[in-house]
Each structure stands twice: as structure tokens, then as C-alpha cells.
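Look at the sequence and the structure below. Then read on with both in view.

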Amino acid sequence: VDFHVADTTRMACGMGHWDREKVVGTLREIGYDGALTVEFVAPIDRTPANPFPNALETEFVDISPEQLEFIEDHGSSTLSEAFYSWLVEETAKTLLPLVK
């Protein structure tokens, strides 16, 4: 059993509007001691106004030009490892103090 966690903006936990203190507190009250499974799906923003300029991968590894074309033709892209790692770190900074 695990409890699925996703913030309202689909970004890292703490970047949205859900009351994580209340949710984790409620889980603690009912005696839940299982895992929190975190999900974030960062939106792809190719505009100059993108607040996360390092979000999109620019040095592709292990992806063919055809695969990249397919991904982009379907309105998506790939996230950079640095950006993904930052999202994981932000989530950890937000949730770990609540579950200790």
C-alpha cells in the first residue's frame, strides 16, 4: 500500500496549493506508515517566458532524431536531468520534514 502525492501545479511538491501539512497530519492520525509515492509532470514551456530555462534537454543522449521528432510533433519534449533532479530535491525538502 502506498499513498500517491501530486501537487496541484503538477510540479514538485511545495510548488502548488495543496495543504501538505494537513494531508500528512491526517495520514499520521490514522496510523498510516506506508510509502508516499510522489508524481510530478512538469509542463513543457518552449516560450521565452519559461520560468525554468534549464527545464528542457538540449543535449540529447540515447534518442534518435526520429524519436525526438515524434516527441516534439506530439507537443512534448524531454526534461533535462538537472531540472528533474531539482524537482526531486524540492519535493524532498518539502515532504521529508513532515514525515520524520
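Predicted model: local features only at pLDDT ≥ 70, side-chain atom pairs only at ≥ 80, totals over all residues.

Residues are numbered from 1 along each chain as its sequence is written, and side-chain values use heavy atoms, with hydrogens and water left out.

**Helix 1.** Helices (H or I, at least four residues) and strands (E, at least two) are DSSP runs, numbered from the N terminus. Helix 1 spans residues 20-29, and its buried residues are Arg 20, Val 24 and Leu 27. Buried means under 20% relative accessible area, exposed over 50%, and partly exposed in between (1.4 Å probe, protein chains only). An α-helix has 3.6 residues a turn, so residues three or four places apart point the same way. The face turned away from the buried side carries exposed Lys 22 and Glu 29. The cover over the buried residues includes strand 1 (2-5), strand 2 (35-38) and helix 3 (81-99).

**Packing on helix 3.** The axes of helix 1 and helix 3 come within 10 Å and cross at roughly 35 degrees. Axes here are lines fitted to C-alpha atoms, for helices over the stretch in contact, and angles run from 0 to 180 degrees between N-to-C directions. From helix 1, Arg 20, Glu 21, Val 24 and Arg 28 make the contact; from helix 3, Thr 94, Leu 98 and Val 99 do. Contact means heavy atoms within 4.5 Å.

**Tyr 32.** Just after helix 1, Gly 31 takes a positive phi of about 85 degrees. Tyr 32 lies in the loop between helix 1 and strand 2. Tyr 32 is partly exposed, at 23% relative accessible area.

| Backbone atom | Distance from Tyr 32 side chain |
|---|---|
| Phe 3 nitrogen | 3.1 Å |
| Ala 35 oxygen | 2.5 Å |

**The cores.** A nonpolar core is a set of buried Ala, Val, Leu, Ile, Met, Phe, Trp, Tyr and Cys residues joined through side-chain atoms within 4.5 Å. The largest has seven residues: Met 11, Ala 12, Phe 40, Ala 42, Ala 55, Phe 83 and Leu 87. Another core, of six residues, lies apart from it and includes Val 5, Cys 13, Val 24 and Leu 95.

Conventions. Polar contact = N/O pair within 3.5 Å; in protein donor to acceptor, adjacent residues only side chain to side chain.
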